[in-house]
Amino acid sequence: MNELKSIALHYFNLGLNINCIKNEVTEHNFSKKEILKNPYHDYKKWIKEAQSLQDVLMFDWNAATGIGIVTGFQNLRVIDIDGCENIDFIKDLLSILGLPRDYEWLVKSGSGIGYHIYFYTDEIDEEKSKYFFNFEDYFFGRYGSYLPYDNYLKSELFSASFYPNDDNLSLFERMDFIWKSNIIAPFSMHKSSKRYVFCNEFLPFNKPLKIDFERLEIIKTM
């Protein structure tokens with residue numbers, strides 16, 4: 001079986017919704033800067049709906065360059081830390097979030113200078129997000145527009161970008177909170193020709209852990 005297909009099925013069996021990435025321009029990714037990070041197909045319905053096995057098998061895995069995981073489904077979230085080479089800082093972030101410092105859902109980007117942290121949040125609905133994402137903040141819509149918070153609940157796709165305070169300028173360039181979107185997953189190809197990998201396991205055998213929503217407030221202000 002195709003390696004990426006096998007890994008995608010592993011993620012699916014853990015209860016995650018899966019996307020397929022191809023190095024091919026389609027109507028769904030032509031506006032993206034990097035098609036190696038974006039599905040060649042539409043996936044928005046899977047932010048709210050569970051996929052079937054047939055949904056995953058129908059993707060063109062023979063031409064795939066990567067796997068995407070849908071965030072937002074069942075409150076799965078990812079923090080994407082860009083421009084960071086300090087693993088001790090990342091481990092401190094894990095501790096702040098209440099996660100193990102050797103957390104199995106910690107991913108190193110194919111760039112070599114970034115990390116992804118997967119987790120579930122505990123909100124029953126999206127009301128807690130209303131108080132987390134401040135009205136004055138602006139957030140990057142994955143289809144190319146900056147959206148103020150009052151558009152958040154209406155937006156099918158949503159990610160927020162936060163920048164370091166003065167004390168942490170040397171530690172990272174930016175944190176993206178990938179709230180309702182697609183995140184590129186191990187063992188996908190990066191434009192550097194390197195692959196995304198898990199930091200502490202070859203593959204996790206458990207779902208990401210759930211964190212207390214309030215812990216994210218600390219991360220947001222770093």
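Predicted model: local features only at pLDDT ≥ 70, side-chain atom pairs only at ≥ 80, totals over all residues.

As background, most residues other than glycine have a negative phi, and most peptide bonds are trans.

The loop that runs between β2 (64-71) and β3 (76-82) contains Gln 74, a non-glycine residue whose phi is positive, near 55°. Asn 75 is found in the loop between β2 and β3 as well, and although Asn 75 is not a glycine, its phi is also positive, at about 65°.

Gln 74 has a relative accessible area of 47% and is classed as partly exposed, whereas Asn 75, with a relative accessible area of 18%, is classed as buried, because the buried class takes in values under 20%.

The peptide bond that joins Pro 186 and Phe 187 is cis, with omega at about 5°. Of these two residues, Phe 187 is placed in the loop that connects β9 (174-185) with β10 (197-198).

## Cysteines and the disulfide search

When the whole structure is searched for disulfides, the result is 0; a pair of cysteine sulfur atoms would have to lie within 2.5 Å to be counted.

Are Cys 20 and Cys 199 buried, exposed or partly exposed? Cys 20 is buried, its relative accessible area being 0%, while Cys 199 is partly exposed, with a value of 29% for its relative accessible area.

Notes. Residues numbered from 1 in each chain as written. Heavy atoms only, no water. Buried < 20%, exposed > 50% of the residue type's maximum accessible area, 1.4 Å probe, protein only. Helix = DSSP H or I, 4+ residues; strand = E, 2+ residues; numbered from the N terminus.
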